[in-house]
Amino acid sequence: MKEGITKQLDAENLEKKFARDGSLTRKKLLEYIPAMVITNLSTLLLLSVDGLVLGNFVGKDALAAVNIFYPATMFIGVVSQLVGVGASSAISTCMGRNDLEALSRLKKAVALLLLIMGVAISVLQIPIVYGIIATYNLDPEIHAMTWQYAIGIMLATPFGLVSTVGVYQLQILGKMKVLMKLTLTEGIANLVLDLLFVAVFHMGPMGASMGTACANLIRCTLTLIYLLKKTDFFKFGKAKIQKADIKDILSSGLPDASNSLVLALRNYVIMIIIVDIFGPAGGVIKGVCGFCFDLTNVVSSGIQGAMRPLMGLLSGADDREGIRTLMKQGIMIMSAALTVMTIVIELIPEFFYHLHGVDTIPDGGVLSVRFYALFFGVKAINTIFRLYFTNRKDTGFSTAVTILGNCTLPAFAWILSVTLDAPFIWLSYLFTEVVIFIVGIFRYIRWVKKDKNEETPDSCRLYLAVEPQDAIEASRLIRRYAEEKGMPIKIMNRISLCMEEMVFYAAKSQKNDKIRIQIEILFTGDNARFMMLDDGECIALNEDPETKERITDNYGLIKRAANTVQYQYILDMNYSILTFVPKQKTG
């Protein structure tokens, strides 16, 4: 009896010692977030500099024109979101599955979609923009300024599409520093050209939009050069595109694209309400509110962008515990960062008006900013849930809740506009995001329960975080766990052997034992699959002559013990998948 209790306590201590602590994903998030934030700062420079320059050098009417046109910009950008996010989710998930043939087809499908969508949106944007501007019933002067600004933005559309797709591809490849440099180049170019065209050549709103178009062209060219020369993104050989590949890309991008479309539609309706209530000053207020949102979006998009490649990889590997851990880490970081930024905006809203060259703040302007800023944190959390649902291929739900949730905004705005003072309409953004948040929480809980319910005696998972010096003890835990679940003894011994050897080499390759190692073992009947992520040096578990010098010393042993061995070096991590089935006796 005493011996049984001792064994049980020993097993519990082992499980506790090797329980996942999320250290690997936390490390990767902290590596990626700074580069993504700097990248987004450059994007902020690109998006917001037009309003800043025009407000300070031309006046409030020019600032209003830029922000009145903004919903049209969002409508045009929907296609970029559809292709960019769809390609990112589909390709990163495919990488997680280690399906190289499907990966080639997907990359070729993305290239085809880029060409088709680029031509289509360049033509379709003209009637879209014309219709949007016509419905505002603007004063002749602001109407003319809005059209002047529209011309350059429409010229930039195809360049922006390529750049957006490039952004997501560089994210999933882990090339955050490259992405940062490209975006910084574009942002600085936009600022310099805006100042040149507006402040020196006095071209007004058209000068600002032309500066944006030229900066977009520079970014697009550099992105294409890098993707062609430094990556294999456009190397897909003779892969034949299947309808399923196009469907996969478009369905994966649909939640974010539908969100952008609904946001564009709601911003368009809200802008009509704002202009009706505040007059031309409404464009000024919306510009300052929008700048505050863009400022917080620098951080929230940076965190989401850092999560995106990790989420895709873990989803493709079907590492459910890893996904849940990543969600918790992302939400905690997001909540802390957005709380601090929102407090700052609430304390000094006047500063942001003065920054735009507005010395006389419109009536209700300060309270409008304070009410508007309340929704930033909730919206940021909702973007993380949308990323999760997209990677779980729950695109139907994600799209539906996005559309239905965001459609409530105009209704909230209208109710508040007829019942309370004008500034209160900005609370409609908070109400909308709270609705989406509540629905998203319930859906996420449902997914977590579904994952746990799928764990059966015939199909179970073991998650581990192993330090190199503890590999032997981890091996004991694997064997004990397999015995408890009734797994074949020979298979569990082969898994333990491979795990020990791979952990040993991961430490040896980096010449220290401070690397982070994350393991998932899936037992299904008599079969098993072993997956390992580590942040050691590239080990190249393959037989490619170009990388043979990096092959592990014990590669032959692993090949004999496992039935199949797959390997990728992705996001600066080694990602190995080994499968095990019972050995068949011969003659």
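How many bridges join strand β4 to strand β5, and in which sense do they run? Point 2 takes this up, after a word on the model.

1. Basis of the model. This is a predicted model, in which local features need pLDDT of at least 70 and side-chain atom pairs count only at pLDDT 80 or more, while totals for chains, interfaces and linings use all residues. Residues are numbered from 1 along each chain as its sequence is written, and side-chain values use heavy atoms, with hydrogens and water left out.

2. Strand β4 (residues 564-570) and strand β5 (residues 573-580) run antiparallel and are joined by seven bridges. Strands here are DSSP runs of E with at least two residues, helices are runs of H or I with at least four residues, and both are numbered from the N terminus. Two strands are said to pair if DSSP finds at least two bridges between them. Val565 stands opposite Leu578 in β5, and the bridge partner of Ile570 in β5 is Met573. The two strands form a hairpin with two residues between them, and Leu571 in the turn has a positive phi of about 55°.

3. Met532 is found in β3 (residues 527-534), and its bridge partner in β5 is Ser576. Met532 counts as buried, at 1% relative accessibility; buried means under 20% relative accessible area, exposed over 50%, and partly exposed in between, with a 1.4 Å probe and protein chains only. The C-alpha atoms of Met532 and Met499 are separated by 8.5 Å, and these residues are 33 apart along the chain. Seven of the eight residues of β5 are buried, so that strand is mostly covered.

4. Strand β1. Eight bridges join β1 to strand β2 (residues 517-524), and the two run antiparallel. Within this pairing, Tyr463 stands opposite Glu520 in β2. β1 (residues 459-466) is largely enclosed by the rest of the structure, because seven of its eight residues are buried. In a regular strand the side chains alternate between the two faces of the sheet.

5. Aromatic contacts. Rings of Phe, Tyr and Trp (its six-membered ring) pair if their centres lie within 6.5 Å; planes under 30 degrees apart count as stacked, over 60 as edge-to-face and the rest as tilted. By this rule there are 25 aromatic pairs. One of them joins Phe69 and Tyr149, an edge-to-face pair at 5.8 Å centre to centre with 80° between the planes. Phe69 lies in helix α3 (residues 60-97) and Tyr149 in helix α5 (residues 140-172), so the pair ties together parts that are 80 residues apart in sequence. Phe69 and Tyr149 are both buried. Elsewhere, Phe293, Tyr372, Phe375, Phe376, Trp426 and Tyr429 form one aromatic cluster.

6. A charge over a ring. The charged end of Arg443 sits over the ring of Phe397, 4.3 Å from its centre. The rule requires NZ of Lys or CZ of Arg to be within 6 Å of the ring centre and within 35 degrees of the ring normal.

7. Cavities. On a 1 Å grid over the protein atoms alone, a cavity is a set of points where a 1.4 Å probe fits but cannot get out, and lining residues have an atom within 4 Å of a point. Grid points are joined across faces, edges and corners, and a volume is the space filled by probe spheres set on the points. The structure holds six cavities of 30 Å³ or more. The second largest cavity has about 150 Å³ of space. Its lining consists of 14 residues, with Asn382, Arg386, Val401, Thr402 and Ile436 nearest its centre. Helices α13 (376-391), α14 (395-419) and α15 (427-453) each supply at least two residues of this lining, and the largest share, six residues, comes from α13. The lining divides into four nonpolar, seven polar and three charged residues. In that division, Ala, Val, Leu, Ile, Met, Phe, Trp, Tyr, Cys and Pro count as nonpolar, Asp, Glu, Lys and Arg as charged, and the others, Gly among them, as polar.

8. Positive phi in two loops. Asn137 has a positive phi of about 55° although it is not a glycine. It is placed in the loop between α4 (100-134) and α5, and it counts as exposed at 69% relative accessibility. His202, also not a glycine, has a positive phi near 55°. His202 lies in the loop between α6 (176-200) and α7 (204-230) and counts as exposed at 64% relative accessibility.

Methods. 1 Å grid on protein atoms, 1.4 Å probe; cavity = no way out; pocket = protein on both sides within 12 Å on 5 of 7 lines; lining within 4 Å.
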